[in-house]
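Let us learn to read a protein structure by asking about one feature at a time.

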Amino acid sequence: LQSDYHFEYTECDSLGSRWRVAVPHTPGICTGVPDPIKGTQCSFSCKAGEYLEMKEQSCVKCASGTYSLGTGVRIDEWDVLPPGFVSVGTDMEMDLGSKHSNCSNSTWTPKGDYIASNTDECTSTLSYAVNLKQTGSVSFEYLYPDNSIFFEFYVQNDQCQSTDTQTRWMKSTDTEWEIHFVQLSRGSNVLYWKTTGFLMGNTAAKPVLVRNVAISGVAYTSECFPCKPGTYTSKPGSALCAPCPENSYSNKGATVCSQCDGEKYAEIGSGSCKPRPPCNATDYFYTHTPCDANGQTQLMYKWSEPKICSENVEGAVKLPASGEKITCPPCNPGFFKNNMSNCQPCPYGSYSNGTDCVQCPAGTEPMVGFEYKWWNTMPRNMKSSVLSREYSSSGRETAWEVAGEYVYTTPGDLDSDYQMLTLTVPGYRLPQSVAKDTENTEMSRITFVFETQCSADCTLHFMAGYGERANTVLEHWSGSRERQSYTYIINSNATVSFTWAFQRTGDYTTERKYSSDFAKLYSIHISNAIDGVASECRHCALGSAESGSSCVPCPPGHYIVSGSSACKQCPPNTFISPDQPVGKQACIPCGPNTNSNELRSACYSDCKLEVVHEGQSLEYDFSPLSNTTSLQSGPRFTSRGLKYFNLFSISLCGNEGRKLASCVDNITESRREVAAHVCQSAVIPSDVRGLKTVVSSQPFSIADRLIGITTDTVLDYITSPEDLFPDKTPRPDVIFYFRSLEVTQACKTGRATTIRVRCDPESVQHQLSLPSKCHEGTCDGCSFHFLWRSRQACPLCSKNDYKEIVSACIQGIQRTTYVWQEPRQCAGGVSLPEQKVSACVTMDFWLKFGVSTGTLTALLLVAISCYFWKKTRKLEYKYSKLVSNSSIKDCELPAADSCAIMEGEDAEDDLLFLTKKSIFGKMKSFTNKVGAARSSLPSI
């Protein structure tokens, strides 16, 4: 019988031919099977919605309730892992003996309509091998909301050639399902979906979801596939099955969906109906009608859509009565009320506080933008929508509703749905009075005030991008949050879409457990928006003195004088505040040892400065340190044991203040890049997880503006503790102070960075280091500290840093040599003077000269002594005669015969003294004579 066998094709030969043969279901049971006949060519294929009927070898349309891809296969049921798929969890880095090394259970998990990846730090690979008879393709839908998981898809063919490295990384999808399409070559192809977790915090990662895998180019399809439960197709020859609408269901292979009973409900694509729960207060919400001509609005109550609760069940609440009239809230700034009490935008050149439009005075310009703080109706450039994990085309729009003083999230369909509010602007334009600045790239800024109240793991995401479906998550808040504000600076005209997405729980559930959780937005303000309205006007510089002249930018370094339209130059070394260039207070002084750039938009350092330390002036030149450098922290490990590093990129000074340090995210296609003076990113080395390139992610700036350079440990409320970097040198540390104005949950006033530059004469290369107490560069996540040791960090050498050494006089030559003071604490600057050579006289000459001079001096002294001795002898003789004659008459001395020794007395004197034996004897005799003479003198 024909039911005892089936037809198959043989393998294709070298000519592309094959044979059709009959194969018994049970070998040996039956005989008389049809003879083999020549089959279709190997390249033969049927269209989508058809299958190859093997008996006639012709294409036949699929019956209702079934579908076919023709030459392809489609996998859309994930109750279990479909045949042909293999999921393996591995750890390519850790030792097998590690307590974190067991990754065997970290595999992809089927979830019914999709398959989910692992969420830990193991590497989970989902693979599928397929043999294509002709060139084909693979497509699939994926949801990739969490950048803490690395997700790549690549194909390896039978020549072991893989997808290019740059195209294998998948683009994050935030909250939208995306379709990925790749061409496949003929022959064997192995498809790989590979995920690796990278969890640096305690927050649980969200898995990657994959569904609806379709592969074309495979061998013939000999049968059609029945539609899975919850889907149907009513027409023959269908390539896809459509999901059943709300409150309907279907079984496998259905041609039509059946409606649920009145007290039951079903979501889109359901295979069964569920009993309706009793309605409660979380199943409805309230909103306002547009204002009427009397300035009144009605308070309206509505059931949350889709309505799944029942009002007829015991204990159910009824919908409150609508129609209560209340006074309309004011219009938002920049709008006015028309005769119908509707809010209309004021024309350009005027402003309002929400009442009447007022023309801007002469010499002023409107500050255009959008400011929403009253919520009677949803603004025209804002849209509310719901994104479901299961089906993105749910059609629901009641995600956010206006409530007068705020806009809030209504109870949703599923707690895992994303309730989205999108604001779209056409672009940005700087005011006419603001000059363009290549360094200050701020185009606009958006500020909003929000609040969340949650009983589960709710999350509010804030995203920005160039379209509703091309967003990047900028910040997120988990759990309940008190009323607070957040500001984001916009640097590109391409950022035209902003989305707030609220999710009550990340766990998929079909129940409404957390419908009472909500998020509220109280106000949204975005500046410099094209087609915006103005809430105020500010003074501007005029192009000429004529009335009605248009506003023009002041020259660089000038501010607008308050109350006039004149420009005045700021004092030297100041920069202009970009927020408010009016009044002298717009001139902000630069910090110590910094200068304003050419456009007066920021302060920078040319790497040269002078400081006074202990009464001594020290000059520095850090130009050798001006090139961008990087510092890698020590290895860090996540809770699972994944190794990573924090990479810091630093641009210290010079370069006319340009921010040359750069950090990138190369995981996804967005390749977000951050430019700053100092930035940080998380890096996974290429030798980890079998990666071929270094993976960099989560870049952010920690230094956008240079505050000042000083040796003080505190500047502008930023502190650089000395105990973070002990072992100071005799020279003071020069400290660079920076700020980053990006506000985060932990850093309400932004981040701050200090870089200590320390003189190290022994350092051959630059040595950057982090505090030993704070291995990641920061102890609180907001203040970062670095130490830069270098020889080029020493002050410039001066004359005070060297001394001279004078050599001995050798052979009439004397040398003077100059050497550095030890230990040397300077670099560069003045050079050591050349050695000096001078003529000199040797020591032998001076010795001979000294001996000769001494001898002559001794002879001279002897001669002088003899002369005075002779004179003394004569005086002694004269005195002796006077004494001898004193006895002639008492108390009278005889008159002198003459005033001098008479002629002939010398001989007598000589005879008298010749009788003495020695000079000492003569002196003794002379002393005795003098004593006797004194005793013989009469008393007066």
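Q: Is Cys866 buried, partly exposed or exposed, and why does it count that way?

A: The general idea is that a residue counts as buried under 20% relative accessible area and as exposed over 50%, with partly exposed in between. This is a predicted model, and in it Cys866 has a relative accessibility of 48%, so it counts as partly exposed.

Q: Where is Leu860, and why does it count as exposed?

A: Leu860 has its place in helix α2, which covers residues 843-884. Because its relative accessible area is 53%, and the cut-off for exposed is over 50%, Leu860 is exposed. Leu860 also belongs to a nonpolar patch on the surface, together with Ile864, Tyr867 and Phe868, and these residues have about 430 Å² of accessible area together.

Q: Which residues touch the most other members of the largest nonpolar core?

A: A nonpolar core is built from buried residues joined through their side-chain atoms. The largest one here has 34 residues, and those that touch the most other members are Trp400, Ile446, Phe448, Phe498, Trp500, Leu521 and Ile524. Strand β41, residues 518-527, gives the largest share of this core, with four residues. If we leave aside the neighbours within four places in sequence, the contacts of Phe498 include Leu421, Leu423, Ile446, Tyr488 and Ile526.

Q: Why is the disulfide of Cys331 and Cys343 left-handed, and how exposed is each of the two residues?

A: The torsion about the S-S bond of Cys331 and Cys343 is about -90°, and therefore the disulfide is left-handed. Cys331, at 1% relative accessibility, counts as buried, whereas Cys343 is partly exposed because its relative accessible area is 36%.

Q: Which parts does the disulfide of Cys590 and Cys603 tie together?

A: The sulfur atoms of Cys590 and Cys603 are 1.9 Å apart. Cys590 lies in the loop between β48 and β49 and Cys603 in strand β50, so the pair ties together parts that are 13 residues apart in sequence.

Definitions and conventions:
Residues numbered from 1 in each chain as written. Predicted model: local features only at pLDDT ≥ 70, side-chain atom pairs only at ≥ 80, totals over all residues. Heavy atoms only, no water. Core = buried A, V, L, I, M, F, W, Y, C linked by side-chain atoms within 4.5 Å. Buried < 20%, exposed > 50% of the residue type's maximum accessible area, 1.4 Å probe, protein only. Helix = DSSP H or I, 4+ residues; strand = E, 2+ residues; numbered from the N terminus. Contact = heavy atoms within 4.5 Å. Patch = residues over 30% accessible without salt bridge, like charges linked within 9 Å, V, L, I, M, F, W, Y side chains within 5 Å. Areas by Shrake-Rupley, 256 points an atom, 1.4 Å probe, with all protein chains shown as cover. Salt bridge = Lys/Arg side-chain N within 4 Å of Asp/Glu carboxyl O. Disulfide = S-S within 2.5 Å.
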